[in-house]
Amino acid sequence: MDLPIFGKEYWFMKFTSNDGSRRQFFYMFGRSAGDIAVNGRYVEGSRIVDDSIEGYCVSWAYDEIYRKITDDLGMIEVKDNKVAWSNKVIQASFHGSFPEYKLEISDCDRKVCSLDIHEPEEDGYNTELMENFKGLFGYRVANLYFDFNGELFGKDFSGKCYVQKVIVIGPLLPWKWSRIIFTNGSVLTYYTSNIGVIGLEYEIRNFMSFYDATTKQMHNFKKAMVHEYPSEKGDKRWVITTEDFRVFVVTKSYCRESFSFTKNFNFSYIENLVDVVDLRIETEDRIITLEETGSGLGMVEDTSGFVI
């Protein structure tokens with residue numbers, strides 16, 4: 001299906017170890033209805049021909065050290081139960097049917113990863129559908145949450161992951177999004193999206209949720225508020241609270257990857273890997289801290305700018 005003239009389509013796959021080790025893996029690819037430059041590489045808008053279209057792919061990992069896998073143009077193929085991306089060097093395939101999938105990526109003859117993806121063992125939440133449209137413009141997001149196991153760079157790799165498909169009709173607007181995985185299986189997620197006009201900010205969407213693995217309950221909170229504290233050393237910090245002060249979280253970055261999108265205007269997208277430094281969540285009947293959840297590991301997506 002072809003996108004509208006201002007349409008953009010992205011697939012995100014993000015994998016986080018939940019054993020307390022700093023092991024994370026990221027895979028993202030997408031296409032645009034019109035021409036756009038991504039990280040300085042020009043992507044020409046084109047139509048789907050024989051289930052294939054040119055697109056852009058970025059994949060990287062943190063395995064005690066930063067590892068870039070690819071950041072380049074290639075061909076996207078969507079057919080039956082398979083989504084693939086490839087160029088002369090990288091071959092990637094995501095295939096299967098709900099709730100079991102497999103992701104395989106190779107670099108020439110070297111296997112980068114082979115991951116089996118399946119339903120979470122806990123009875124939590126595993127699907128999420130969101131959309132926000134104002135007239136003809138807006139976005140639609142589908143999230144599928146899974147457990148996974150397999151190999152990354154020849155070593156065992158298991159934990160929690162999500163597969164996300166995003167369709168945006170209109171401009172890209174700034175947001176902050178984070179998903180933190182704790183050792184006991186709990187998950188904290190927040191999202192804020194704002195647009196600034198003449199020094200004023202207008203809120204588009206805001207939410208925060210916490211899945212408590214101990215009680216297997218989901219808790220939703222009023223209005224996430226995100227406060228940023230840059231550092232010259234690069235270990236930026238975020239303090240996250242809520243309108244009713246029932247949540248207090250402090251995260252610190254230890255690795256980051258930056259992307260730039262240019263089309264008439266500029267849009268910056270930064271993925272920050274973070275540790276949880278402090279945690280206090282007040283539910284209806286108790287207070288949850290890091291003593292109960294164990295260490296937390298995840299990502300903060302930090303964006304700025306504007307692109308049509």
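Me: In which elements of the protein chain is confidence lowest and highest?

Reply: Confidence here is pLDDT, the predictor's own score for each residue, from 0 to 100. Where pLDDT is low, the predicted coordinates should not be read in detail. In this protein chain the mean is lowest in β11, at 76, and highest in strand β22 (residues 287-289), at 97. Strands are DSSP runs of E, at least two residues long, numbered from the N terminus. The chain averages a pLDDT of 86, and 92% of the residues score at least 70. This is a predicted model, in which local features need pLDDT of at least 70 and side-chain atom pairs count only at 80 or more, while totals for chains, interfaces and linings use all residues. Residues are numbered from 1 along each chain as its sequence is written, and side-chain values use heavy atoms, with hydrogens and water left out.

Me: How many cavities are there?

Reply: Rolling a probe the size of a water molecule over the atoms shows where empty space is left. On a 1 Å grid over the protein atoms alone, a cavity is a set of points where a 1.4 Å probe fits but cannot get out; a pocket is an open set with protein on both sides within 12 Å along at least five of seven lines; lining residues have an atom within 4 Å of a point. Points are joined across faces, edges and corners, and a volume is the space filled by probe spheres set on them. Here there are four cavities of 30 Å³ or more. The largest holds about 130 Å³, and its lining includes Y10, M28, R31, V38 and F261. Strand β2 gives the largest share of that lining, five residues.

Me: What lines the largest pocket?

Reply: The largest pocket has a volume of about 610 Å³. Its lining has 29 residues, of which Y139, V166, V168, W175 and Y191 lie nearest the centre. The largest share, five residues, comes from β12.

Me: Which residues touch the most other members of the largest nonpolar core?

Reply: In soluble globular proteins, nonpolar side chains tend to be buried together. A nonpolar core is a set of buried Ala, Val, Leu, Ile, Met, Phe, Trp, Tyr and Cys residues joined through side-chain atoms within 4.5 Å; buried means under 20% relative accessible area (1.4 Å probe, protein chains only). Of the 33 residues in the largest core, W60, F259, F261, F267, Y269 and L273 touch the most other members. Apart from it lies another core of 30 residues, among them I53, A61, L103 and F146.

Definitions and conventions:
Helix = DSSP H or I, 4+ residues; strand = E, 2+ residues; numbered from the N terminus. Buried < 20%, exposed > 50% of the residue type's maximum accessible area, 1.4 Å probe, protein only.
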